[in-house]
Amino acid sequence: MLQIKNLNYKIKQQIILNNITLTFPDNKITCIIGPNGCGKSTLLAHISSLLKSSEKISLDGIYIEKIPARTYARKVAILSQRQEFSIDEFLVSDIVLMGRYPHKKRFQDYSTADIRIADKMMLNTGIKHLSGKKIKTLSGGERQRVFIAKAMAQEPDILLLDEPTNHLDVKYKLALMRELKKFGKTVIIVLHDLSLAARCCDNSIVMYDGTIAAAGKPTKILTPEFLEKIFEVPFYTAKQNDNYFLYY
Ligand SMILES: Nc1ncnc2c1ncn2[C@@H]1O[C@H](COP(=O)(O)OP(=O)(O)OP(=O)(O)O)[C@@H](O)[C@H]1O
């Protein structure tokens, strides 16, 4: 289980994260929502260990900085489109296969099992037909799905996704959420699409100005009255066949 206890983070004199305490339920989808600049990405960066958290975050009772970097990299994947090198000339299949990298020893080649896993994730994210294309030729949404497939190919215990749906059309947004559910791992997903968060996530965290404003089941937490206080616009809800719909 992933737990955060009293995490604080400042940049110069600005408080970015203020005494964050959270428990993420295993093998469930947890969304993090909140206004621009409230600290969502910074929180993900701490969980992924891109930012140091000094014994405030633990995984199965072990502080994450005590877990060897390579082991942690196998357990936790983060969807990030920022690359240290240009990937424009790479094929889609190469990028997805790179998701298997943390499982390989130094200089070890990808195995047929690795290729099978990468193929499966390309199929699941609807990009198999693009596997032989160069990244530079893809649309924004196609590219986004390549990075989702890569993160899933890593088969992590915890998948961190920062706004993975921003380029996706509505069909692929819902398809992604279905795939994440089937994936069956702990998923922590920053979403600006509040309808999607309400409808598809098991657990929700609302951040405001570096703090946790609320956490719990979307049907309990994401109420129109509460969200209006956070986002300063009116919201409406409807329930149909056990689905919770949220509008603004
Ligand atoms: N390297 C940095 N230097 C200075 N300030 C930073 C830096 N990184 C983040 N911040 C500030 O920290 C705050 C939280 O940023 P963060 O990116 O975590 O917000 P967010 O909730 O993910 O926002 P958004 O919804 O706009 O993506 C913002 O006020 C941002 O300006």
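This section describes the sheets, the ligand shell and selected residues of a predicted model.

Residue numbers start from 1 in each chain and follow the sequence as written. Because the model is predicted, local features need pLDDT of at least 70, side-chain atom pairs count only at pLDDT 80 or more, and totals for chains, interfaces and linings use all residues. Helices (H or I, at least four residues) and strands (E, at least two) are DSSP runs, numbered from the N terminus. Two strands count as paired if DSSP finds at least two bridges between them.

Six strands form an open sheet. Their order is β6-β7-β8-β3-β9-β10, and the pairing is mixed. β6 (76–79) and β10 (211–216) stand at the edges. Each has a single partner strand, so one side of each is left without a neighbour in the sheet. Neighbouring strands of this sheet are turned by 15° against each other on average, direction ignored. Axes here are lines fitted to C-alpha atoms, for helices over the stretch in contact, and angles run from 0 to 180 degrees between N-to-C directions. Within the sheet, β7 (residues 158–162) and β8 (residues 186–190) run parallel and are joined by five bridges. I158 stands opposite T186 in β8. Helix α1 packs on this sheet and touches β3 (29–33), β6, β7, β8 and β9 (203–208). Contact between two residues requires C-beta atoms, placed from the backbone, within 7 Å. The direction of α1 makes about 150° with that of β8.

A four-stranded open sheet has the order β2-β1-β4-β5, with antiparallel pairing. β2 and β5 (62–63) are the edge strands, and each pairs on one side only. β1 and β4 (residues 57–59) pair in the antiparallel sense over three bridges. Q3 has S58 in β4 as its bridge partner. α1 packs on this sheet too, touching β1, β2 and β4. Its direction makes about 60° with that of β2. Seven bridges join β1 (residues 2–11) to β2 (residues 14–24), and these strands run antiparallel. Y9 is bridged to L17 in β2. Two residues lie between the strands of this hairpin, where K12 takes a positive phi near 50°.

The ligand is surrounded by I11, I16, G34, N36, G37, C38, G39, K40, S41 and T42. A residue is near a molecule or strand if its C-beta atom, placed from the backbone, lies within 6 Å of it. Helix α1 (residues 40–47) gives the most to this shell, with three residues. By class, the shell has three nonpolar, six polar and one charged residues. Ala, Val, Leu, Ile, Met, Phe, Trp, Tyr, Cys and Pro count as nonpolar, Asp, Glu, Lys and Arg as charged, and the others, Gly among them, as polar.

Q144 lies in helix α5 (residues 140–153). Q144 counts as buried because it has 23 C-beta neighbours inside 10 Å. The cut-offs are 20 or more other C-beta atoms within 10 Å for buried and 12 or fewer for exposed, with partly exposed in between; C-beta atoms are placed from the backbone. Leaving aside neighbours within four places in sequence, Q144 is in contact with P164, H167 and L168. I78 is 66 residues from Q144 along the chain, and their C-alpha atoms are separated by 13 Å.

Most residues other than glycine have a negative phi. D60 is not a glycine, yet has a positive phi of about 50°. D60 is in the loop between β4 and β5. With 11 other C-beta atoms within 10 Å, D60 is exposed. E232, also not a glycine, has a positive phi of about 60°. E232 sits in the loop between α9 (224–231) and β11 (236–240). E232 is exposed, with 8 other C-beta atoms within 10 Å.
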